[in-house]
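This briefing goes through one protein chain by topic.

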Amino acid sequence: MKINLDMGKTAKLGLPPGDYKVAITKLQATPEQSAPNIPPKNVLPPKYATTDASELSAKVTVDGENRFEFPLAK
């Protein structure tokens with residue numbers, strides 16, 4: 001995980017401890033998207049695509065492994 005600070009001028013690895021909402025996407029180009037101006041499609045259910053829609057969360061701790069797995073239902 002990387003955080004961009006100062007309008008992208010500075011990057012910092014890791015997240016500060018705290019509770020986070022999680023959004024997950026998997027972008028994949030389909031054969032009909034052969035043109036370079038067509039963006040790839042999110043192939044996961046929309047309920048995971050934004051932090052507003054997602055019910056996924058993670059608690060980052062100072063002294064934990066901070067490894068998170070999210071089994072996704074269709």
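## Briefing on the chain

The model is predicted. The chain holds six strands and zero helices, and its order along the sequence reads β-β-β-β-β-β. Its radius of gyration is 16 Å, whereas a compact globule of 74 residues would have a value near 11 Å. A search of the whole structure finds two salt bridges.

**Overall dimensions and surface**

- Taken along the principal axes, the C-alpha atoms fill a box of roughly 45 × 35 × 20 Å.
- Of the 74 residues in the chain, 11% are buried.
- The chain exposes about 6300 Å², and 56% of this area is supplied by carbon and sulfur atoms.
- Contacts between residues at least 6 apart in sequence include 46% that join residues at least 24 apart.

**Strands β1 and β2**

- Strand β1 covers residues 2–5 and strand β2 covers residues 10–13; the two run antiparallel and are joined by four bridges.
- Within this pairing, N4 of the chain stands opposite A11 in β2.
- The hairpin of β1 and β2 has four residues between the strands.
- D6 is found in the loop between β1 and β2, and its phi is positive, at about 50°, although D6 is not a glycine.

**Strands β3 and β6**

- β3 and β6 run antiparallel, with four bridges between them.
- One of the paired positions is G18, whose bridge partner in β6 is V60.

**Salt bridges**

- In general, side chains of opposite charge can pair when their charged atoms come close.
- D19 forms a salt bridge with K59, and their closest N and O atoms are 3.5 Å apart.
- D19 lies in strand β3 (residues 18–21) and K59 in strand β6 (residues 57–60), so this pair ties together parts that are 40 residues apart in sequence.
- Both D19 and K59 are exposed.
- E69 forms a salt bridge with R67, with the closest N and O atoms 3.7 Å apart.
- E69 and R67 are both exposed as well.

- S54 is found in the loop between β5 (41–42) and β6.
- Is S54 buried or exposed? S54 is buried, because its relative accessible area is 3%, below the 20% cut-off for that class.
- Leaving aside residues up to four places away in sequence, S54 touches K21, V22, K47 and Y48.
- A polar atom of the S54 side chain lies 2.7 Å from the backbone oxygen of V22.
- The side chain of S54 also reaches the backbone nitrogen of L56, at 3.0 Å.

**The segment after β6**

- E65 lies in the segment after β6.
- E65 counts as exposed because its relative accessible area is 70%, and the exposed class begins over 50%.
- How far apart in space are E65 and S54, C-alpha to C-alpha? The two residues are 23 Å apart in space and 11 residues apart in sequence.
- The contrast between them is also one of burial: S54 is buried at 3% relative accessible area, whereas E65 is exposed at 70%.
- N66 is found in the segment after β6 too.
- N66 has a positive phi of about 55° although N66 is not a glycine.
- With a relative accessibility of 30%, N66 counts as partly exposed, because that class lies between the 20% and 50% limits.

Key: Residues are numbered from 1 along each chain as its sequence is written. This is a predicted model: local features need pLDDT of at least 70, side-chain atom pairs count only at pLDDT 80 or more; totals for chains, interfaces and linings use all residues. Side-chain values use heavy atoms; hydrogens and water are left out. A salt bridge is a side-chain nitrogen of Lys or Arg within 4 Å of a carboxyl oxygen of Asp or Glu. Buried means under 20% relative accessible area, exposed over 50%, partly exposed in between (1.4 Å probe, protein chains only). Two strands pair if DSSP finds at least two bridges between them. The radius of gyration is taken over C-alpha atoms; the globule rule is 2.2 Å times the number of residues to the power 0.38. Contact means heavy atoms within 4.5 Å. Accessible areas come from the Shrake-Rupley method with a 1.4 Å probe; for residues, only the protein chains shown count as cover. A polar contact is a pair of N or O atoms within 3.5 Å; within protein, one must be able to donate a hydrogen and the other to accept it, and residues adjacent in sequence count only if both atoms are side-chain atoms.
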